[in-house]
Amino acid sequence: MSVLQELGRGFGVALQPLNIILAGGGVSIGTLVGMLPGIGPINAIAILFPLTFAAGLPPESVLIFLVGIYYGSQYGNSISTILLNVPGTSSAVVTAIDGYALTRKGQSERALAVSAMASFVGGTLSVVGLIFFAPVLAQVAIQFGPAEYFALMLFALTALSSLGGDNIFKGLIALGFGLLLASVGIDPQSAVPRFTFGQLGLLDGIDFVVVVIGMFAISEVLLTLERGEWAREKGGRLRLVWLKLSDFSLTIWTMVRSALVGFFVGVLPGAGGTVAAFLGYSTEQKLVDREGTFGKGDLRGVAAPEAANNAAANGSMIPLLTLGIPGSSTTAVLLGALTALDVTPGPSLLTTRPEVFWGLVASMYVGNLLLLALNLPLVGFFSRLLQIPRWALMPGVAVLSVTAVYALNQSVFDVFLMIGFGFVGLVFRKASIPLAPAILGLVLGPLMEKNLRRSLALSGGEWGVLFSSWIAIAFWVLALLLLVLPAFTSGALRKWAFHWKGDSSAPSS
């Protein structure tokens, strides 16, 4: 009962007129920021926090605004991803798999509507989890050490074997390519340059934005040039669009399951929305993709990563608020904002500053409602972008890509590197090699290496430390099952089918 009383106090804070305006402004800015590749919520928060701090707003109001930018940007990422195949963050890469395929079929409005609803469902369910399970999950997250994180990352990479479609080998090729890119730069332990070939621009490694914009956006421009497709895409008319009941019933359980996956992954510091989106997608693919439609324009392939991604964004508030542990660069900035506002995160935050914790939790529910109310009616407007002829749209995508990459480090070298990855992406797409595993390999590679080295350093080089806890063993077992079960079950099903038909030519193995 005390939890409900505190939540009621939180809604009293969140529903103040000023805080409603700030929540609406935060999610609106977040949506716009998410649509523009290369900017990201971290830059918007870093720029706007000093302004809100100087305005003398109370801490809970400042956090409501900044966190609104954070989870609002998660939906904004899906807009450019679905319409233009330009994911702005690594977590949006998964949405591009089926989202852009639906756009190519002339169903961008359906994809955007499902994306908006999945964001709402994921955000809402994760707020419920935040209300009731924050203290308990914070204690579970403490038990994750370097060995457990390494096993978790390995499990996430293993789950990607299904993204290669029928040919798992192609998925592993893309994954290996991403891990290779992740090793470029200064060795974190010995400070020796690796695979830089004497190029100063590679000493800091290869930026994710350079790779993802090159392999997705630039390769799309090159593919359009090759095919000579300069007509308009099939876009919707400028009208109000609402989610169809049939689409909602098809995807609702996918949203729920993926939200649960995303929330628990988001609780783990360092895992983040990228791991959540990939795990949500791969889990749903294994559970419901009986017709092999994932990757070819399945609405459930849009709902899964979007629900998981938004749930992870809210779930990441648990270690931040209850332990003071940021799980990503964005939450690290939010931790700095908390410190500047004289708010000390930790287990005592729920009792010493309840208006901050519960006001923020309640505002996240209000913000998700505002996000749905703002974006769902605008689906028709967003899809109107596809009415721009591709001879005008593709140069615009190229200019936006070059601008976003150059703005990162003011480096012409990065621009040429992006173009090079555009040709790599073109080769991958023509060879039917999936792009998503390469991106996840690039993102998770440094985390895997860091946690592996840290585990071995703490154990004095003893490899058994990787299997020293039940959590690590559980992830190792799950990873092994993901590798073995598909081949076993497919063979067993073929034998069963031949036996059922009475076919004597059934394979023997």
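Is Arg453 buried, partly exposed or exposed? Arg453 is partly exposed, with a relative accessible area of 28%. Here buried means under 20% relative accessible area, exposed over 50%, and partly exposed in between (1.4 Å probe, protein chains only).

This is a predicted model: local features need pLDDT of at least 70, side-chain atom pairs count only at pLDDT 80 or more, and totals for chains, interfaces and linings use all residues. Residues are numbered from 1 along each chain as its sequence is written, and side-chain values use heavy atoms, with hydrogens and water left out.

**View 1. Asp187 pairs with Arg453 and Arg194.** The structure holds seven salt bridges (a side-chain nitrogen of Lys or Arg within 4 Å of a carboxyl oxygen of Asp or Glu). In the bridge from Asp187 to Arg453, the closest N and O atoms are 2.8 Å apart. Asp187 sits in the loop between β1 (185-186) and β2 (193-194), while Arg453 belongs to helix α20 (residues 436-459), 266 residues apart. Helices (H or I, at least four residues) and strands (E, at least two) are DSSP runs, numbered from the N terminus. For Asp187 and Arg194, the closest N and O atoms are 3.3 Å apart. Asp187 is buried at 7% relative accessible area. Arg194 is buried at 19%.

**View 2. Glu449 joins the network.** Glu449 forms a salt bridge with Arg453, with closest N and O atoms 3.6 Å apart. Both lie in helix α20, four residues apart, about one turn of the helix. Salt bridges link Asp187, Arg194, Glu449 and Arg453 in a network.

**View 3. Surroundings of Met317.** Beyond its neighbours within four places in sequence, Met317 is in contact (heavy atoms within 4.5 Å) with Val67, Tyr70, Leu130, Thr331, Leu334 and Met364.
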